[in-house]
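Please open the model in your viewer and keep the selection tool at hand.

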Amino acid sequence: MAQRKVDAGGLQPLAEKNIGVLVLLIAIVVAIGGIVEIVPLFYLDNAVEDRLKNPDGSPKYPELIWDRKAGQKLSDWKPGDGLRPYTALELAGRDIYIREGCYLCHSQMVRPFRDERERYGHYSLAVESKYDHPFQWGSKRTGPDLARVGGKYSNEWHYQHLRDPRSVVPESVMPRYPWLEERTLDPERVQRSMRAMKLLGVPYTDEDIAEAPKEVAGKTEMEALVAYLQVLGTWIRFEEGKDYRE
């Protein structure tokens, strides 16, 4: 007995038969989901911790952002003074970190779980990525999280670790990066990077950008990468017992 075909109407049969329609519908759904998640971040005060205010309008957590006075240089900052833009050398190191794909194996996001706090330290705050374009939260940990690695090891340890990871961590699967010690930084490239960051809202001054070539002159890519690693997680002096989440 012959079966009758039921020609159901609607989008589902059309999407199942036409790959173009299916791709379009997926794009629409993803766009709506993205808008719903992203747009509130632009107007919700509790999306980033430094936006939170006391009833009198003063910052609730003033220790989170460095209160840079007129005439102060980035080099005047001290660990714990609050978040600041990267120095020219640190920014160059961050660019190398991205170029070499370090984010594929290392996250920079300490989650608010007991085991992570005991291993890495205070959980990460959104404000700590305020000047990161793009942010380096990551999603995979072949290696340890690096959000609080600054000051944990000496510069020499980092140099040796980059030259030959297994000489300091025998079980490491990290590749060697000896060429970083042979390449010097391009001062003009660093300046261009700082100008781009300024366009994205990072508060670099004209003086910061003008002095960048002097700061990175003769420096190797390895020195820059280590400078970047050594500043991670050192910006804020967290107060014991204070919960920065709202």
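Predicted model: local features only at pLDDT ≥ 70, side-chain atom pairs only at ≥ 80, totals over all residues.

Residues are numbered from 1 along each chain as its sequence is written, and side-chain values use heavy atoms, with hydrogens and water left out.

**The whole chain**

Select residues 11-42, which form domain 1, and then residues 74-231, which form domain 2; such bounds come from an automatic or database domain assignment. The centres of domain 1 and domain 2, taken over C-alpha atoms, are separated by 36 Å.

Next, select residues 21-44, where an unreviewed UniProt entry places the feature "transmembrane region". UniProt positions are given in the numbering used here, feature names are shortened, and annotations may be inferred rather than shown by experiment. Over residues 21-44 the chain is 75% helix and 0% strand, with its end C-alpha atoms 35 Å apart. Helices (H or I, at least four residues) and strands (E, at least two) are DSSP runs, numbered from the N terminus.

Now move to residues 88-233, the place of the feature "domain: Cytochrome c" in the unreviewed UniProt entry. Here the chain is 42% helix and 0% strand, and the end C-alpha atoms lie 18 Å apart.

**Helices α3 and α9**

Select α3 (residues 88-99) and α9 (residues 221-231): their axes come within 7 Å and cross at roughly 100 degrees. Axes are lines fitted to C-alpha atoms, for helices over the stretch in contact, and angles run from 0 to 180 degrees between N-to-C directions. Show the side chains at the contact (heavy atoms within 4.5 Å): among them are Leu89, Ile96 and Tyr97 in α3, and Ala224, Leu225 and Tyr228 in α9. The residues of this contact divide into ten nonpolar, one polar and five charged (Ala, Val, Leu, Ile, Met, Phe, Trp, Tyr, Cys and Pro count as nonpolar, Asp, Glu, Lys and Arg as charged, and the others, Gly among them, as polar).

**Helices α3 and α6**

Ala88, Leu91, Ala92 and Asp95 of α3 make the contact with Val190, Ser193, Met194 and Met197 of α6.

**Helices α5 and α9**

Select α5 (residues 155-163) with α9: the axes come within 10 Å and cross at roughly 125 degrees. The two helices are therefore oblique to each other.

**A loop**

Which peptide bond is cis? Select His133 and Pro134: the bond from His133 to Pro134 is cis, with omega near 0 degrees. Pro134 lies in the loop between α4 (114-120) and α5.

Conventions:
Parallel < 35°, antiparallel > 145°, perpendicular 65-115°, else oblique.
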